[in-house]
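Below is a short report on how the chains of one model meet, followed by a look inside one of them. Please keep the sequence and the structure in view while reading.

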Amino acid sequence: MNENSILEMRNIDKVFPGVRALSGVDFTLRKGEIHALMGENGAGKSTLIKVLTGVYPKDNGEIRMAGHDKPVNIKSPEDAQNIGISTVYQEITLCSNLSVAENIFIGREKSFFTNWKMRNKRAGEILKSLDIPASPTQQLGTCSIAVQQMVAIARAVDMECKILILDEPTSSLDEQEVAKLFKLMRELKQRGVGIIFVTHFLDQVYEVCDRITVLRDGKLVGEYEIKDLPRLMLVSKMLGKELDDMSSIKSDSGGYNGEDKDKILFEAENLSSVEAVNPFDFHIKKGEVNGFTGLLGSGRSESVRAIFGADRVLSGKLKKDGRDIKITKPIDAMKNKIAYLPEDRKEDGIIGDLSVRENIILALQVLEGFFHPFSRAKAEEFADEYIKLLEIKTASTDTPVKSLSGGNQQKVILARWLLTHPDYLILDEPTRGIDVGTKVEIQKLVLKLASEGMGVTFISSETDEMLRTCSRLIVMRDRHVVGELTGEDLNQHKIMSTIAEGESE
Amino acid sequence: MKKKLMNMSDTNLLLTITIVVFVVMYLCAIIFEGKGFLKPQTFFNILNANAALIILSCGLSLVMITGSIDISVGGITALVSMCCAVYLDYHGGSVFGSVMIALGIGLAFGLFQGLLIAYLDIQPFIVTLAGMFFARGMTTIVHTNPFNVENEAFVALKETRIIVPGMGSYNKNGTYVNAYVEIGVIVALLVVAIMFVLLRKTRQGRAFYAVGGNGQSALMLGINVKRTKFIAHLICGILAGIGGYVYFLHVGSGAASHASGAEMNAIASSIIGGTMLTGGVGNIIGTLFGVLSLSTIQNIVSSAGLDQAWWTGITIAAMLCLFLVIQSVVMARKKKMTKK
Amino acid sequence: MKTGNIFQKIFRRQIMIPLAAFLLLAIFNLVADPSFYKITLGYNSAGNPVLSGYLITILDYGSELAILAIGMTLVTAASGGQDISVGAAIAISGSMLLRCLCGADTRSENLNMPIICAFLISMVVAGLFGAFNGVLVAYFKIQPMVATLILFTAGRSIAAWINNNELPIVNDQSFAIYGGFIPGIPIPMPFFIAVIVMIITWLILKFTNLGLYVQSVGINEKSSRLNGLNPELLKVLTFVLLGVCVSVAALIKTSRLMTINYSVIAKDIEMDAILAVALGGNALSGGKFNIPASILGAYVIQFLTTTLYKFNVSSDALSAYKAVVVILLVVFSSESVRGWIGGLFKKSVAVKAGKEAKS
C-alpha cells in the first residue's frame, strides 16, 4: 500500500442480476485530498460508494485502509463507521422523527445510557460552528431539506473520520450553504481527512477538488490531476468520446420534412409541478423530434413528467392541436394521445409479475375502460404484432416481463405506448442500460415515427444519440432551461459548452 | 401557534392531545356521572382492573414504535393464566414456579415471533395472528373448563392490598376507608418506569425509534435493524408473559376466554396514547394515559346505564378510528407545512 | 432433462399447492379411516332426500369459506394486506338481514319483506362497511390489517345494536332453503350458492378488466398510476366486492340457524379465509392472484377442519393446529427460507457434480 494513500480499492467487481455494475474498478484516495468521483448516470459511482460503505457486499476485489495490515472487510454501514468512514448520501438518510441532536449522534454512541443534556449541548456547539440554523431539540422532519442535508454533513464531519464520502451533497443547498460546505471541506483536508466528492456540478469540482477519477459503464476510465484535465475533456471522458471524435460527428437528424411540419402539436406555458419547481415554456411541432439535455439532476425528467401529469401539477396552460387541454393526472394526458415512457423502467415502467402480453395491452386497456376487456385472441394479436414489429425476444407472450432482458423490457413498454397510437410520444432515457444494437433500433424507430407525423421528445444521457435523433435540443442545468440549440449549433461541442458554462439564466 | 405546532416533535404533539383528551374526559365524567368519579378509589379501581392492560400496552407501544405489530398478547395472557392455574391447583406448584412459567411462555413467544419477523422477514401481522390462534388453541388443550385457583399462597398474594396513604374516603356508614391498589398495579407502574427509561434514555431505546421512523436510514446510520426488531418483539413477548401473570393475579382463575380482545384494547390504548402505527413516534407515558382514557370511557359507558356489552366495543372502535384519522390528518398537515 | 422441465412446469403451477395439500389430506384419511368417504342417502325431517357424510359436510360448510376466499383474494392482490373484519362483517350483514326479515317483532310468524329485498339491503350494508375499510386503507394509507381491526372490534357490537341485542328468529321455512336443501335435491344448497358466486366471479373477470387492473395495482402501484389507473379507487372497489361476498356468506350462515348469535357467528372465519388465500399459493404481499386456487384452498381448509373434528379435536383447540399450518406455510414461502433451501439444493448438486467429476 502506498504511503500517501489512506484508501485503496483494487479490482472491485459488483454484479446485480442482469447488470454488471462494476468490473475491475480501482480507486485510490490520498491523505488530505479532495477527490472527485465523476461519471454519468449508471457509471457505477453510487455502487462503488455503497460497496465501500458496506451497503452492498462486493463480489470481488479488496479494500485496504491505512492503519490496517490486512484488507478490511466491511459488511454493514455500522462496520464502515467503526473503521472511520463516514458518508453523506444524496438522498437524506436520517430519521425525520428524531431530533436534530439525536440524528447527529445515533448509531455511534458507546455508552448504554444517553445523556440528553450533554448531547444537546454538544450538538448545539456543532450546529453553531457550522452555522446551521436549527436547534438541537428540534425534530428533524420540521427542518427544510437543505438544513437536513447540512445536519447529515455535520454528523459525518463530527465522526472523527479518516475518510469522508459526500455523495451529491450539494443538490439541495443554495450558494451560501455550498460555500460553507467547501470551507469545511478545506479545513478537514488540512487535518488529513481524505474526502470523496461526488457531484454533477462541474464548477464545484474545479473549485475544491485535487484529483478526479472518472468511471463509465462500471469501468475505470482514469485518474487525473485536476490541472491536467480541462472541463471539456472531463465531459468527453464521462461521455466516452474522444474530443476529436466528437467534434467530427455531424448531426444527421433534421432529415424529416413533413407537409404540416410547422403546425404546433403541443405547447405548454409556465408549466411547473411539485418536482419541476421552476416554471418553463415548451412546445413541439408535428413530426418534430426534440429533446431535453443536461447532466443528471438538471431537471430534464422532472420537466417531461410535468407534461404528462405524473407529479402534482402546480401551474401551467396547455394546448394540444391548438385546443386548450387540462392535464392533472396521467389518464388525462393519455386521453389526449400523449404517451410517456418513464426513466425508471423497473419502478415506473414494467409490471414485473405480469406477462409480456398483459404489459403490452395495459395502457390501451386502461384507455378502453373497465368494461371493455380485449378477448384473449385480440390481446394475443396485439402482442404478437408488436413483438414482431419491435423484434422483442421473449419465449412466449405469457412470459413474465421481469424475466426479459433490460432492452426487451424497454421494448415491451414502448410497445405498450405505441399500441395506444399516440400523437405525441415522450421517451425518457429509453436507451439506458440496454445493449448497443437495441439502442440503434430504438433511435431508428424514433425517426421513423416522427416521419409519420408523430411528435417525439427524446431524453438521453448519451449526447450523440440525441444529436442523431433530435432537431432541437433544450439544454437544462440546475433545474433551469439554459439554452435551446437548433441547426448549426447541434454539435457535441456546443452542447458541452452550454452544459459546462451555461449561456444564461 | 402554527410555529409552535411546527416545532413540537410528533411524539410530544400526540402526547399532548392524549393527555388533554383524558383530562377532559375525566372532568366530563365527574360533571355528568356524579361524585363517584371524585372518590380516589374509583380511579384506583380503574388502575386495579387495568394493570395487566397497561403492561401489555407497553409491549405493544414498543413494537409499534419499531414499526411492527403484535396481536398475540391477548392469547398469551389467556395461555399464561391457564398454565399457571393448572400448575398451582393440579400439580401443587409454588407461586414462584408459576411466575417462572409465565415468564417462560412470554419469552418463548417473544423469541419465536421475533425470529420469524426480524430474521425471516415475514409480515408481523401474520406471524402474531398465528401466535394468537396458537395460544388460544393451546389454552383449551391445556385445560378446557374455566376454574378458580384455590392455592393458598396464591390467594393470599391475590388478596394483598397496598394502602395508598392519605387517599381514603368515607363510606356510607361514615367510616373511613383507605384507598388501596393491588400488587399488579405496582408491577405495572414499575414496567412503565423501566420502559420509559429504556425508550428515552438508552442507546437501544433510541434505536427502536430510528428503525421505526425509517428503517433504511437507520441502517445507513449504523444501526443493526434486524437485531433491533428482534429485541422489540422479544421484550413484547416477555411483557405479555408478565402482563398475563398480573391479569391472572387479578382474576385468580384460568379460562380459555380470558383477556379476549385484550390485544385490540392494547393496540387501541397505544394509538390513543399517541403511538403512530407507521412507527417511530410514541411515548410510554402516553400509553399509560391511553389505557386510562380507554377504561374511563368504559366506566362512563357502564355508569351511564348503557350496560349492554356492545356499547363498549363501539365506543372503543369509534375512539380508535378518531385517533387514527387525527394522526393521519395531523401528519399530512405537518408534512405540507414543511414543504412550504 | 426434458422430463425434469415438464415436472418443474407442473409443480410451478400455482394450483398445485392446494392440490398437493388436498391429496395429502385425502390419503391420510384413506389410511386412517376409509369410512370417512362413506356417503349415505337419507331423509330429513321434512321427508326430503338428503345426502350425508363427511364429504358432503365439506362441500356444505366449505361454501361460505370459498365465497369469502374469492373476495379476500381480490383484497389481498390489490392492497397487499388482508381484511380481518370479515367475521364481524358477517355478523353485521346477518343481523341486518334478520332485522329486515323480522321487522320490529323478533318472533313474527310472517316475513316482513321478501327475502330478496332483505338480502339486497344486507348486501348494501356489507358493501358500505367494506367501503369504509377500503377508504381507510386506500386514502388514509393505514395498513389493511390495522384498518380492519376497527371493524373487527366494533362489528359484533354493531350487529347486536342493529337488533337491539335481541335474537330474532325466522319462522318462515322458505328462508331455511339457503342453508339447507331444496326439496327434492339431495345436495346442500350452500354448495349451489357458492357455485353461482363462482360463475358470477368468472363472468366479471371475463367481461371486465378487474383482474388486470387489480394485479397491476398490486404489483406496481407507481407504474399503474403512470398507466392511467386510479389505485385508490381500485382498492376501495376490492373491499366493496369483499363486502358483497360477506353478505352472501351471511345469508347462508343465518339461514342455517334461522337466527343469529352475535358473538359466535362466523367466529375466526377471517383466519380461515386468509389461510385459504395463502394455501392457494397467492402471495400475501399482493400482486398476481389465482381465484380457483383460493377456492380449492378454502375447501382444503374445510377438509382439514372436518378431519380434525372427526378425530375429536374440540372446536376451540382447532385454532392451535391451524396456526401451526399457517406458520409452516409462511415460513416455507418466505424469500430467505426459499433462498436458503435453494442454496442447499444447489450445493448438493454441486457436490454431486464434483464427486462425479473426480471419479
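## Chain A against chain B

Between chain A and chain B there are nine residue pairs in polar contact, both residues at pLDDT 80 or more; a polar contact is a pair of N or O atoms within 3.5 Å, where within protein one must be able to donate a hydrogen and the other to accept it, and residues adjacent in sequence count only if both atoms are side-chain atoms. On the chain A side, the elements giving two or more residues are α2 (77-82) and α3 (100-105), with helices (H or I, at least four residues) and strands (E, at least two) taken as DSSP runs numbered from the N terminus. One salt bridge is counted between these chains, the term requiring a side-chain nitrogen of Lys or Arg within 4 Å of a carboxyl oxygen of Asp or Glu. The partners are E102(A) and R206(B), whose closest N and O atoms are 2.4 Å apart.

This is a predicted model, in which local features need pLDDT of at least 70 and side-chain atom pairs count only at pLDDT 80 or more, while totals for chains, interfaces and linings use all residues. Residues are numbered from 1 along each chain as its sequence is written, chains are lettered from A and ligands numbered from 1 in the order in which they are written, and side-chain values use heavy atoms, with hydrogens and water left out.

## Chain B against chain C

Here 32 residues of chain B are in contact (heavy atoms within 4.5 Å) with 38 residues of chain C. The buried area, meaning the accessible area (1.4 Å probe) that two parts lose on being put together, summed over both, is about 3100 Å², and carbon and sulfur atoms give 83% of that area. There are zero salt bridges between chain B and chain C, and two residue pairs are in polar contact, both at pLDDT 80 or more. The elements that give two or more residues to the chain B side are α5 (95-119), α6 (124-142), α12 (262-272) and α14 (309-339) of chain B, and α6(B) gives the largest share, twelve residues.

## Inside chain C

Chain C has 14 helices and two strands, and its C-alpha trace spans about 85 × 55 × 40 Å along the principal axes. Within helix α4 (residues 86-102) of chain C lies S95(C), which counts as buried because its relative accessibility is 0%, the cut-off being under 20% relative accessible area (1.4 Å probe, protein chains only). Leaving aside residues up to four places away in sequence, S95(C) touches A159(C), I162(C), N163(C), I260(C) and Y262(C).

Conventions:
Buried means under 20% relative accessible area, exposed over 50%, partly exposed in between (1.4 Å probe, protein chains only).
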